[in-house]
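Subject: Structure handover

Hello,

Here is the structure you are taking over. My notes follow below it.

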Amino acid sequence: MTEPERAEQLVLAYLARVGDAAYGRLPHRQRTRFVGDLRGRINAACAAADARSPERVRRILREFGDPEDVVRRACQRSAGAGGDEVDGAAPGGPADGGDAAESAPKEGGWAGSERPMPAHRVHRDPPPWRGGPDRSWLRGASSGRSGAGAGVSRDGGPGPIEAVRRFPAEALTIGIYLLSGLIGGIAVLWLLGAVLAVLSRVWSRADRWVAVVVPIAATVASMALWRGEAPYVDQFIMASLADTGAIGLRVAAVACGVYLAVRLTRLTRLAGV
């Protein structure tokens with residue numbers, strides 16, 4: 001991954017945390033405008049400072065402040081202004097023309113906050129968008145066909161075609177999970193999907209745990225429900241796996257495929273903000 005790509009990942013991770021903090025505190029459309037406006041201000045600040053490396057972008061993000069504080073201050077200002085608009089800039093941040101002393105980041109932390117900047121989190125790839133209502137994969141597809149194109153969903157956000165274009169390896173992972181669950185003869189193919197999920201730089205750590213652990217746990221639990229008999233342990237394992245274990249594995253594979261599809265759709269929406 002090149003330095004500009006790493007810098008863009010830092011911005012996306014920061015916006016994802018801002019969206020998480022705004023979820024439940026701002027309406028969906030207002031939250032979308034808020035994150036979009038904040039991204040525009042971040043891009044403008046980076047362009048003004050010629051910040052193209054991850055280190056310089058990280059300094060710009062420190063100046064904007066901790067995502068929780070950004071949302072809290074923006075909500076306070078919105079309440080004071082009557083709640084009509086929410087400004088995306090943090091008070092005292094570079095986009096707000098604040099005091100340089102106030103916008104300067106504290107040593108090892110966010111500006112205006114005692115909490116340290118989570119370097120281990122900003123280095124990782126951004127987690128999927130967790131704000132707004134759920135939108136299924138099929139709904140995005142049908143909305144895209146009836147709207148401005150197959151790559152756009154009903155609310156103007158990117159649809160499944162755009163998700164496949166941006167994240168082809170992750171879309172392939174979803175397809176493998178769904179096929180292995182729907183077609184019993186290739187259920188073992190989910191292992192390939194699990195490998196791709198673990199190696200992906202897009203899925204969050206929680207997504208990878210879900211992709212790997214859920215099918216295994218469902219298979220073991222289903223095998224425990226088998227009511228047959230076998231004289232030896234290995235025969236019991238093989239018989240229960242072929243009977244009830246395969247059913248649990250297929251159900252879990254489909255569930256994981258749907259879960260990852262929703263996550264990828266939200267991540268695509270965030271990347272398109």
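Axes are lines fitted to C-alpha atoms, for helices over the stretch in contact, and angles run from 0 to 180 degrees between N-to-C directions.

This is a predicted model, in which local features need pLDDT of at least 70, side-chain atom pairs count only at pLDDT 80 or more, and totals for chains, interfaces and linings use all residues. Residues are numbered from 1 along each chain as its sequence is written, and side-chain values use heavy atoms, with hydrogens and water left out.

Overall picture

The protein has twelve helices and zero strands. Helices (H or I, at least four residues) and strands (E, at least two) are DSSP runs, numbered from the N terminus. Of the 273 residues, 44% are buried (under 20% relative accessible area; exposed is over 50%, partly exposed in between; 1.4 Å probe, protein chains only). The protein exposes about 13900 Å², computed by the Shrake-Rupley method with a 1.4 Å probe. Carbon and sulfur atoms supply 59% of that area. Among contacts (heavy atoms within 4.5 Å) with a separation of 6 or more, 64% join residues 24 or more positions apart.

H10 and H11

The axes of H10 (residues 190-199) and H11 (residues 205-224) come within 8 Å and cross at roughly 155°. The two helices are therefore roughly antiparallel. H10 contributes Trp 190, Ala 194, Ala 197 and Val 198 to the contact. H11 contributes Arg 208, Ala 211, Val 212, Pro 215 and Ile 216. That makes eight nonpolar residues, no polar and one charged. Here Ala, Val, Leu, Ile, Met, Phe, Trp, Tyr, Cys and Pro count as nonpolar, Asp, Glu, Lys and Arg as charged, and the others, Gly among them, as polar.

H1 and H2

H1 (residues 3-22) packs on H2 (residues 28-48) at about 150°, with axes 10 Å apart. H1 is therefore roughly antiparallel to H2. From H1, the contact includes Glu 8, Tyr 14 and Gly 19. From H2, it includes Arg 31, Phe 34 and Arg 39. The contact residues divide into ten nonpolar, one polar and three charged.

Asp 50 has a positive phi of about 55°, although it is not a glycine. Asp 50 lies in the loop between H2 and H3 (54-64). Asp 50 is partly exposed, at 42% relative accessible area.

Best regards

Definitions and conventions:
Angles under 35 degrees count as roughly parallel, over 145 as roughly antiparallel, 65 to 115 as roughly perpendicular and the rest as oblique.
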